[in-house]
Amino acid sequence: MPLTQQLTVAIIDSNPALGSGDCIKKDDPPDSRVSTVTPATISLFKDVGAWQYVQQHRHAYFDRMQVWDYTGLGYTRYNAREADKEVLGCVVENKVLHRSLLSCIQNSDFQKTIYPSRLTSMSFSSSSSTIGVGGTSSRTTPYTHGNLAKLELSDGSSLYAKLVVGADGSKSRVRELAGFKTTGWNYSQNAVICTVEHTEENQCAWQRFLPAGPIALLPMGDKFSNIVWTMNPKESSDCKSMSEDDFVKAINHALDYGYGPHPHSRLFGGDIFSWLGADVTSSANECFEVPPKVVKLVSGRMAFPLSLMHANSYASKHVVLIGDAAHTVHPLAGQGVNLGFGDAFSLSRVIAEGIAVGSDIGEVSLLKKYEADRKPANIAMMAVLDGFQKAYSVDFGPLNVLRAAAFHGAHFISPLKKNIISFASGEHKLPLFS
Amino acid sequence: MASKLLNHLRALYTTNNHSPSHRLSNPKLIFHLPRSFLSVSQSLLHARPYSDAPEPIPTGPPLPEKPPTNGGTTSYKKNVSRASNFSSSLNEAELSKFSAIAETWWDAEGPFKPLHLMNPTRLAFIRSTLCRHFRKDPHCARPFEGLRIVDVGCGGGILSEPLARMGAIVMGIDAVEKNIKIARLHADLDPVTSAIEYHCTTAEKLVEEQREFDAVIALEVIEHVADPAEFCKSLAALTVTSGATVISTINRSVRSYATAIIAAEYLLHWLPKGTHQWSSFLIPEELVLILQRASVTVQEMAGFEYNPLTGRWTLSDNVSVNFIAFGTKNHQ
């Protein structure tokens with residue numbers, strides 16, 4: 001992007017991985033933290049030239065997904081072909097994403113500096129207060145740092161910036177220092193995350209809704225899979241403290257007969273939906289499958305509390321928030337990271353548009369364009385995921401049947417299914433309103 | 001009325017377009033004006049003369065039949081009586097109006113909010129027309145590198161600063177001293193914009209000093225001057241031969257009365273009441289005509305449209321309210 005090429009960029013990140021030039025070796029143990037990137041994110045990575053680095057490391061595309069629940073009343077299988085796509089997504093270890101983006105910026109020729117430090121304070125000398133009519137009209141006022149944000153770092157250095165992009169996660173220091181207010185709640189759920197090994201390669205994404213929350217098994221390549229298991233905090237501490245063997249048993253139990261029976265393919269049957277005149281999708285004939293057995297735990301177990309948080313505003317003078325700093329969502333569909341990359345690319349587009357017309361890139365009126373672009377998309381996704389979470393937080397007979405009917409609807413009604421896949425792929429369109 | 005006029009214009013345009021080189025290349029955005037436009041607009045003005053406004057124009061004299069002889073210092077508003085250093089087309093009452101709100105120039109939520117909102121759109125037009133005219137690369141961050149541009153009526157510098165960031169060598173002039181002070185202080189906050197030269201002066205003064213620029217830009221100024229024809233002549237005199245002159249203003253239409261005055265000043269309070277005198281607005285044909293008389297041929301014109309839902313301005317071919325014209329100085 002030639003318009004933004006002349007910008008000088010400072011990256012402030014105390015993550016030691018940024019400083020070390022270590023490459024990821026093929027036989028390194030897999031990371032316990034992974035991201036499921038959608039086709040939309042993949043194409044953005046390709047646009048900036050970062051995807052080629054991802055491809056040099058372990059990554060796993062998947063084109064099938066099975067979602068079912070513990071009541072045994074319904075299941076849905078998604079296939080990328082139904083939405084005319086090649087893949088539903090790609091699971092990439094976070095360290096691979098980091099390394100790829102880092103390689104990408106290291107090999108591009110814009111001016112950048114990495115500060116392996118933390119932000120301690122941020123101040124703005126308001127330009128309106130320094131402007132008074134009593135001042136001199138001639139050019140006696142030297143250039144001051146008046147129209148810049150001043151950042152002080154933990155290593156004692158300080159820098160000035162026209163624009164500070166808060167991409168520092170859900171506990172964003174930038175957000176706190178700039179005084180952005182947030183809205184949100186905790187789910188009183190924890191996600192237990194780890195990487196496991198199978199006897200053969202897993203090529204499908206699996207998600208089963210259990211009474212306490214969903215468990216997902218995501219293919220990572222090389223016979224590895226990642227587990228994201230949502231449960232209440234008590235269970236999560238039990239899971240972390242139990243022996244590895246017991247934990248592997250618990251996973252296999254949760255992905256198979258635990259908490260309830262397998263769904264029967266024809267309990268509701270395609271017949272119910274065929275009278276709706278809907279096309280019965282090709283994957284509707286695919287039978288329920290049991291996910292591959294986990295044989296071994298290959299990483300540590302990590303537990304995170306889950307919460308929903310949304311910043312009331314993403315932009316103020318000299319500051320914008322992107323990614324988890326602006327919004328955190330329930331991880332049940334792996335959408336958080338994709339919303340974040342969506343933010344980053346939207347912001348870069350808005351900055352380029354501003355540079356084209358000579359705008360100051362720290363101007364609120366410019367930054368608000370980014371906010372206007374991303375807020376509706378982020379809120380829509382947050383609402384969908386929150387609705388899912390709420391729909392599964394109640395174990396009540398009639399509601400279970402309703403959920404199962406929704407599953408069948410999603411399984412058998414082709415246009416709806418196609419829209420669900422498109423939405424989850426990062427095309428900004430709500431599933432029901434095509 | 002305005003849209004009818006525009007349609008009328010377009011109809012005339014298509015029937016009178018003898019020259020194939022002036023094709024309507026991008027009818028959605030910008031319409032190019034044929035050489036024959038002048039005669040067309042004259043005949044149009046004949047049918048609906050300049051003085052045929054609902055209210056007589058108090059500030060400007062009727063368009064002179066031939067240019068005044070001692071170019072630039074003759075016809076001014078009668079009540080310019082206060083000791084003014086500037087013998088110019090300035091309107092004193094307008095000056096004091098702006099002086100009162102000068103300090104709020106850079107408050108994006110203040111009295112100049114509409115200008116801040118409109119600014120990127122105005123600059124997009126300037127960028128595309130000047131890049132094409134001066135054969136500059138529109139895909140680089142500083143396409144105006146090396147171009148000398150004067151921003152006439154620069155106010156607090158909200159146009160001068162982006163022009164400087166786009167690489168131009170900018171001079172900003174304004175008759176209100178307070179504006180120049182604000183502009184200077186603000187530009188000094190950024191090393192890129194601190195190179196802007198600001199002067200409290202008028203276009204006429206610069207003409208006397210025999211200054212010349214590659215591009216002369218006067219946005220939302222002509223509706224505030226006492227004598228638009230004189231003002232245009234000064235702008236033309238500041239433009240080098242084959243250079244560019246860009247003017248934006250508000251049309252004198254029913255729609256502009258409703259939006260620029262009733263809505264913007266009285267309902268939305270975007271602008272202080274009395275910011276604009278509807279009767280001193282020019283219709284596009286009048287602007288084209290007075291520029292032609294000043295030997296500037298208008299090449300492209302576009303309208304600005306405000307979308308109240310998104311709060312953004314876009315370029316359109318609807319010139320019924322705000323419009324902008326790009327012209328080139330003829331060889332003499």
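1. Residues 152-254 of chain A have end C-alpha atoms 48 Å apart, and the span is 25% helix and 47% strand. Helices (H or I, at least four residues) and strands (E, at least two) are DSSP runs, numbered from the N terminus. UniProt, in an unreviewed entry, lists residues 152-254 and 300-381 of chain A for "domain: FAD-binding"; such annotations may be inferred rather than shown by experiment.

2. A word on the basis: this is a predicted model, in which local features need pLDDT of at least 70 and side-chain atom pairs count only at pLDDT 80 or more, while totals for chains, interfaces and linings use all residues. Residues are numbered from 1 along each chain, chains are lettered from A, and side-chain values use heavy atoms, without hydrogens and water.

3. Chain A carries 13 helices and 20 strands. Of its 434 residues, 48% count as buried (under 20% relative accessible area, 1.4 Å probe, protein chains only).

4. Which residues have the most contacts inside the largest nonpolar core? They are B:I126, B:L130, B:F144, B:I149, B:L163 and B:V246, in a core of 37 residues. Such a core is a set of buried Ala, Val, Leu, Ile, Met, Phe, Trp, Tyr and Cys residues joined through side-chain atoms within 4.5 Å. Its largest share, 6 residues, comes from α4(B).

5. Take B:I149: leaving aside neighbours within four places in sequence, its contacts (heavy atoms within 4.5 Å) include B:L130, B:F144, B:L163 and B:F213. A second, separate core of 32 residues includes A:L119, A:I351, A:I355 and A:A356.

Technical notes. Buried means under 20% relative accessible area, exposed over 50%, partly exposed in between (1.4 Å probe, protein chains only).
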